[in-house]
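Please take a moment to look over the model and its sequence before reading on. The paragraphs below lead through it step by step.

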Amino acid sequence: MKEIVYQVTNPMGVHARPCALLAQCCVNFKSAVTVTANGKKADGRNVLELLALRVRTGDTLRLEVSGEDEEQARKAVREVIDREFNEKKAAALLRIAFFSAKDYDRIFFSELTRDKGEGTYNSDIKYFTTNLGPETANLAEGFDAVCVFVNDNVSTPVVERLKECGVRLILLRCAGFNNVDLAAARDCGITVLRVPAYSPYAVAEHAMAIVQEANRRLHKAYNKVKDNNFALSGLMGLDLHNKIAGILGTGKIGVCMARICKGYGMTVLGWDAYPNKELEKEGLLTYVDKEELFRRVDLLSLHAPLFPATHHIVNEESIALMKDTAMLVNTARGALVDNEALIAALKKGKFQAVALDVYEGEDENVYTDRSDKVITDDITARLLMFPQVVVTSHQAFFTREAMQAIAVVTMENARNFNEGNDYGEAEVKA
């Protein structure tokens, strides 16, 4: 175990920003970090627990680091707590209109923006539960920035109206930006910043969870047992051990999924427009062309970004190449899959399992409670009728660690914009 004892000298104490950066630092290590102050303890990975310590200037922090990488973790933690969090004079308060707000968003963002002044995020948020779109863009009047998510409409008319409202910044609290007209934003002089990565583990773990749910028919088994039906008919799955996994898109999330598949005892193949040869040297996967990938895999997991070249990359032709017993999981972008081709194949008995956290045409359903309504969307209704299909509501990202990272990186982006700092990988350009 490594120990750090730290006397707090910052006039504001350990406020929201150092708590956020400390938590994000601790998440990157296997070692546990326990923070003690004033007789209370907090998990170093949990920003809300750290904030609950209410550490003031003059207080003593005791940090215990324990685990297999404790020395590396100790150095990284020490670097964070040794920083000064008042690098510049406070810029003017940044006013943010926060669209598509949910209760779980407020938990993190409200805590991070509670402090004002030097070294803080120095932002004020007004939450709107409605989505951003042509009808709601006027709500941004008088704000410096809008904060939006995957189901918000940031098309040309919306961007132009935002400019008229005085908005200078679009904060995406997600990695994807296909819902933003970047050319319009550039022409209107509006900066677009995103969260390049939050928790690739969250998405990959969800991908494996839902494809196994579909493969082993766990959704059906749960409902059967609730009805006191303990028969196994209709629940037969397939082993993943000694099967072939295909990772389409080998970025951070794809690599996490490849490691999970490897842990199941699978042989892993990969395809990417820009192959990472280091992954082959490591022995994690072997790159093949798309046609070979589709032909050979028993499990195909989609992790590619959505570009014209990847739009409907899973289509009638590629599905025809796949084994009838293949499994498909999509936690990336809905439009990677041609719904009509997929449904046609399912009608013919193709696929042992299909698991979709995203699908083309999901927008009206995402993050809304429609339990008292008839689902009139034809695609959704047809997908849900197949026993081997599992659909979840764009929730692959939804873990505490990911929500924390989204809030922290989004507010770091806001602060960097407000103080004229470098944006790094967060900036999205047309």
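Where in the chain is asparagine 242 found? Asparagine 242 lies in the loop between H8 and E10, where helices (H or I, at least four residues) and strands (E, at least two) are DSSP runs numbered from the N terminus. This is a predicted model, in which local features need pLDDT of at least 70 and side-chain atom pairs count only at pLDDT 80 or more, while totals for chains, interfaces and linings use all residues. Residues are numbered from 1 along each chain as its sequence is written, and side-chain values use heavy atoms, with hydrogens and water left out.

Asparagine 242 has a positive phi, near 70 degrees, in a residue other than glycine. Asparagine 242 counts as exposed because its relative accessibility is 60%, given that exposed means over 50% relative accessible area, buried under 20% and partly exposed in between (1.4 Å probe, protein chains only). Asparagine 228, placed in the loop between helix H8 (218-226) and strand E10 (244-248), is not a glycine either, although its phi is positive at about 60 degrees.

Turning to the interior, a nonpolar core is a set of buried Ala, Val, Leu, Ile, Met, Phe, Trp, Tyr and Cys residues joined through side-chain atoms within 4.5 Å. The largest such core has 83 residues, and Leu22, Leu61 and Val146 are among those with the most contacts inside it. Helix H1 (residues 16-27) gives the most to this core, namely eight residues. A second, separate core has 33 residues, including Val297 and Ile319.

Leaving aside neighbours within four places in sequence, leucine 61 is in contact (heavy atoms within 4.5 Å) with residues including Ile4, Tyr6, Val35 and Val55.
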